[in-house]
Amino acid sequence: MKEYLHNAIPNLKPFDHTLHYEALFINKTWVLVNGISKKKSTYTFKDDNILEISRKDHLIETSWTKDVQNVFSIETEDGLITVKVYFKDDDVLVLNHQNKQEFALFINTTNYSEDLDSVEDVQKFLKEKYKQKVTNLIYDHEFYYIEKSKEFGPFTVEELSKKVRKEQISEFCFVRDVNEYDYSNRLRIYDLIKEL
């Protein structure tokens, strides 16, 4: 992977046919983020190597082929391009151009009810998506808390929240993740509860 791409978007996973093709890639509605402020483009990679590119009332049908592992050839209006395909997660696809220092970023809107028509819509989508992801991680995770120089736990955030509501502990007690060794992050129960 080229260094500029890794620096721009860390933790990308290369396309894996077994994991990604049916579940995440084929027949999904991918909105191109690059240039969305000027015009919205939607890409749908279909079976039989058909690529549908939709812009307003204009539909272009072109082709794509998988060359090796995660290298694809895509026929565009500008000619044939070769890209490496990566996933940031289930809803973020990156096509890294092989002959230029450029990449295209796409968002899967197949299961998203709102329209993505602007940079603001993309920001809202990503904020909601990752806020929910953080909430789920916090909700399922366990934490220790310290009160009067004594450590208790581990407890889930829900259990800590109940203790606060029952006034058994203060919401301002420091907490640490089960994988941390000290309280240097200065995180409090209050901070966890407000994320839920």
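User: How many helices and strands does the secondary structure of the chain come to?

Analyst: In this predicted model, the chain has five helices and 13 strands.

User: What share of the residues count as buried?

Analyst: Of the 196 residues in the chain, 38% count as buried, while the accessible surface comes to about 12200 Å², with 47% of that belonging to carbon and sulfur atoms.

User: Switching to rings: how many aromatic pairs are there in the whole structure?

Analyst: A search of the whole structure finds 14 aromatic pairs. In one of them, F45 with W64, the ring centres are 5.9 Å apart and the planes stand at 85°, over the 60 degrees needed, so the pair is edge-to-face.

User: Where in the chain do F45 and W64 sit?

Analyst: F45 lies in strand β3 (residues 42-46) and W64 in strand β5 (residues 58-68), 19 residues apart, so that the pair links distant parts of the chain. Both F45 and W64 are buried.

User: Is the pair of W64 and F72 stacked or edge-to-face?

Analyst: W64 and F72 are stacked, with 5.5 Å from centre to centre and 25° between the planes, and both of these residues are buried.

User: Which residues do ring pairs link into a cluster?

Analyst: The cluster linked by ring pairs consists of F15, Y21, F25, W30, F45, W64, F72 and F87.

Conventions. Residues are numbered from 1 along each chain as its sequence is written. This is a predicted model: local features need pLDDT of at least 70, side-chain atom pairs count only at pLDDT 80 or more; totals for chains, interfaces and linings use all residues. Side-chain values use heavy atoms; hydrogens and water are left out. Helices (H or I, at least four residues) and strands (E, at least two) are DSSP runs, numbered from the N terminus. Buried means under 20% relative accessible area, exposed over 50%, partly exposed in between (1.4 Å probe, protein chains only). Accessible areas come from the Shrake-Rupley method with a 1.4 Å probe; for residues, only the protein chains shown count as cover. Rings of Phe, Tyr and Trp (its six-membered ring) pair if their centres lie within 6.5 Å; planes under 30 degrees apart count as stacked, over 60 as edge-to-face and the rest as tilted.
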